[in-house]
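Okay, everyone, thanks for coming.

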Amino acid sequence: MDSPAGYRSLTKALHWSVVIAFTAQFVLGLALDASESGHGRGRGRGGGPGRGRGRGGGYEPFGDDAVLTAHVVVGAVIVALGLARLAWRRRAGLPPWAPTLSPFERRLAHRTEGALLLLTFAVPATGVVLLASGEDDLLWLHVLAQLLFLSALAAHVGLVLKHQLLDRDQLLRRML
């Protein structure tokens, strides 16, 4: 049961599952960019230009690029987890605000959580658009969604760290 002291077990499990999935997704994305297999903005085999994440002739979900396939699968998992979080939040609600949060911090927490939830869908959606385009022409859209996600995440984590390290009010315990 949610209480002023913390969130329900399923809420915590969904939250941390999304954290783990996004961490894996960013690692896979970096591996794609660092790859010398001709994907992305890098150089292709033989020093020629890369062929784009869409592979030029269309994407094969279980083709020969295991990193790209894993990236797509984890993206689908993120969307599924996001849908589960939305459904659970509608059913279970949220606990009362932590009493140590100021009115400004409550607004910041509300806005960053909303942005993170929205971007849980927007980042994978821009990845699908990028793949569907067959080239890197729309890479900026996917990168922008990621930068927005990372900005909202920085505000979210910064608020938690402020309360954990400076205020020492154990705000983080509510989600552990």
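So, helix 3, residues 103-133: with 31 residues at 1.5 Å a residue, we expect a span of 45 Å, and the end C-alpha atoms are 44 Å apart, which agrees. That expected span is 1.5 Å times one less than the number of residues. By helix I mean a DSSP run of H or I, at least four residues, numbered from the N terminus.

Quick word on the source: this is a predicted model, where local features need pLDDT of at least 70 and side-chain atom pairs count only at pLDDT 80 or more, while totals for chains, interfaces and linings use all residues. Residues are numbered from 1 along each chain as its sequence is written, and side-chain values use heavy atoms, with hydrogens and water left out.

Back to helix 3. There's a kink in it of about 35 degrees, centred on L119; the bend is the angle between axes fitted to the seven residues ending there and the seven starting there.

Now the packing. What angle do helix 2 and helix 3 make? About 145 degrees, with the axes 10 Å apart. Axes here are lines fitted to C-alpha atoms over the stretch in contact, and angles run from 0 to 180 degrees between N-to-C directions. On the helix 2 side, the contact includes L68, V72 and G75, and on the helix 3 side, E113 and L117 are among the residues. Contact means heavy atoms within 4.5 Å. The residues split into 10 nonpolar, three polar and two charged. Nonpolar is Ala, Val, Leu, Ile, Met, Phe, Trp, Tyr, Cys and Pro; charged is Asp, Glu, Lys and Arg; the others, Gly among them, are polar.

Next, helix 1 and helix 2 (residues 66-92): their axes come within 9 Å and cross at roughly 155 degrees. That makes the pair roughly antiparallel, the word for angles over 145 degrees. Their contact has 16 nonpolar residues, seven polar and one charged.

Last pair: helix 1 (residues 9-34) and helix 4 (residues 139-166) come within 13 Å, axis to axis, crossing at roughly 135 degrees. H15, F22 and F26 of helix 1 meet Q146, F149, L150 and H156 of helix 4.

Note on methods. Helix = DSSP H or I, 4+ residues; strand = E, 2+ residues; numbered from the N terminus. Parallel < 35°, antiparallel > 145°, perpendicular 65-115°, else oblique.
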